[in-house]
Amino acid sequence: MIYYFLWGVSLIGLILGLFWLNLLFFKESKRIKLKEFPYVSIIVPVYNEESTVGNTIKSLLNLNYPKNKIEIIVVNDESKDKTVSIVQKFRQVRLINNKHEGIGKASAVNKGLEYAKGEFFAIVDADSEVSKNSLRNVLEHFSSKKVGGVITPIKVLESKNLYNGLQKIEYTFTAVIRELMSRINTLYSSHGVLSVFRKDVIKNLGGFDKNNLTEDLEIAMRLKSNGYDIRMASNALTYTRVPSTFKELWNQRVRWYRGFLQNLVKYKKVFFKKRYGLYGNFQLPLNLFSLIVLALVFVFFSYEIISKIYNWIIKIMVLKFEIFSFGELPSIKNLLLSFDVKYFFPLIIVIFINLYLFYRASKLIKQKTRFFSLTILVYFIVYPILTMFHWVTALFQEIFNTRKKW
């Protein structure tokens with residue numbers, strides 16, 4: 001049974017991989033040449049960011065953009081460290097204090113919006129940095145009034161250990177997938193590493209949802225459900241710091257995936273509605289289908305593992321400690337002969353397709369990458385299992401409605 005299921009999943013993965021590869025030959029989204037520079041407000045929500053906020057502000061001050069057409073608003077969300085004193089050293093920055101409400105940074109962003117004077121506003125998290133021409137490049141993608149927001153590709157700033165390295169690969173894949181989604185107008189996400197929006201549009205939609213675990217995803221899905229488009233500016237590179245420990249990564253991903261599930265339910269009205277085009281008829285159904293497949297993979301493999309443990313316990317009970325006889329251990333030759341290619345061949349094909357996609361993604365964000373390394377191996381073999389447990393944990397937390405926390 002698991003053999004057929006594995007082949008089925010691999011076949012679906014193969015079809016999807018070829019689909020995304022084919023989109024590489026689609027034209028990029030339309031861009032305009034800036035004849036004049038619109039006024040932009042950059043909002044930086046901060047909470048205990050003393051170690052990184054200084055570098056974030058410096059990168060914003062270094063933007064290749066007219067200084068009289070930009071304002072930087074740092075919103076202090078009740079920090080308890082030296083964040084405020086560091087921000088106050090930058091005279092070009094406006095500091096606003098916010099009384100925290102809800103979950104995460106949404107209330108701080110909304111507070112910044114109250115003071116923003118720009119036609120456009122950007123969000124930049126205090127653990128992130130922007131490239132010199134990123135803002136100019138982003139604004140070129142507001143080719144029509146229908147474009148409500150534009151996001152940027154993200155690169156990992158530091159790669160200190162295996163966790164950072166795995167996320168570096170993941171962010172590379174994410175960049176190219178978002179670019180391809182942008183080309184067929186199914187992109188429905190934003191982030192805190194330089195996402196730019198039309199201020200009036202966001203205000204008319206009621207601002208950011210302060211009780212949402214992933215307010216950046218929610219606002220993008222709200223834009224899409226109200227007829228606006230999200231674009232990706234692939235030439236506007238940005239940088240962020242990522243979790244460096246198992247616990248940090250676990251908490252972040254469970255929150256992300258739980259927020260995704262929450263918003264998938266919130267915008268279920270979009271599914272299979274003609275007015276939403278490929279976004280409602282293809283992208284969201286595909287994501288839901290992927291979650292169902294992931295749940296089935298978890299059930300099948302959990303069954304396999306439990307049955308093997310059960311059989312092992314039974315053998316111990318029957319044979320007692322004779323099972324540990326070293327004389328009966330299989331040789332390397334026997335282990336190699338027992339390797340069943342039919343289980344792994346489809347997965348190998350999918351991995352090769354993903355390696356090519358990874359190569360194209362690395363070129364897109366101008367990142368040098370070693371394609372044959374331990375990190376790549378772990379990413380394709382071990383990391384999907386960890387991701388599966390992230391999703392399962394998020395699903396259980398949503399089902400049992402456990403307390404939402406950042």
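This is a predicted model: local features need pLDDT of at least 70, side-chain atom pairs count only at pLDDT 80 or more; totals for chains, interfaces and linings use all residues.

Colleague: OK, how many helices and strands are in the chain?

Modeller: The chain has 14 helices and 10 strands.

Colleague: And what share of the residues is buried?

Modeller: Of the 406 residues, 48% are buried. The chain exposes about 21,800 Å², and 61% of that comes from carbon and sulfur atoms.

Colleague: What about contacts along the sequence?

Modeller: Take contacts between residues at least 6 apart in sequence: 81% of them join residues at least 24 apart.

Colleague: Switching to the surface, which residues form the nonpolar patch?

Modeller: Ile305, Ile309, Tyr310, Trp312, Ile313, Ile314, Met317 and Val318, which together have about 840 Å² of accessible area.

Colleague: Where is Ile313 found?

Modeller: Ile313 sits in helix α10, residues 277–319.

Colleague: And why does Ile313 count as partly exposed?

Modeller: Because its relative accessibility is 39%, and partly exposed covers the range between under 20% for buried and over 50% for exposed.

Colleague: New topic: at what angle do α13 and α14 cross?

Modeller: Roughly 45°, with the axes of α13 (residues 374–381) and α14 (residues 383–399) coming within 4 Å. The two helices are therefore oblique to each other.

Colleague: Which residues make the contact?

Modeller: On the α13 side, Val378, Tyr379, Phe380 and Ile381; on the α14 side, Tyr383, Pro384 and Ile385.

Terms used
Residues are numbered from 1 along each chain as its sequence is written. Side-chain values use heavy atoms; hydrogens and water are left out. Patches are made of residues with over 30% relative accessible area and no salt bridge: like charges are joined within 9 Å, nonpolar side chains (Val, Leu, Ile, Met, Phe, Trp, Tyr) within 5 Å. Accessible areas come from the Shrake-Rupley method with a 1.4 Å probe; for residues, only the protein chains shown count as cover. A salt bridge is a side-chain nitrogen of Lys or Arg within 4 Å of a carboxyl oxygen of Asp or Glu. Buried means under 20% relative accessible area, exposed over 50%, partly exposed in between (1.4 Å probe, protein chains only). Axes are lines fitted to C-alpha atoms, for helices over the stretch in contact, and angles run from 0 to 180 degrees between N-to-C directions. Angles under 35 degrees count as roughly parallel, over 145 as roughly antiparallel, 65 to 115 as roughly perpendicular and the rest as oblique. Contact means heavy atoms within 4.5 Å.
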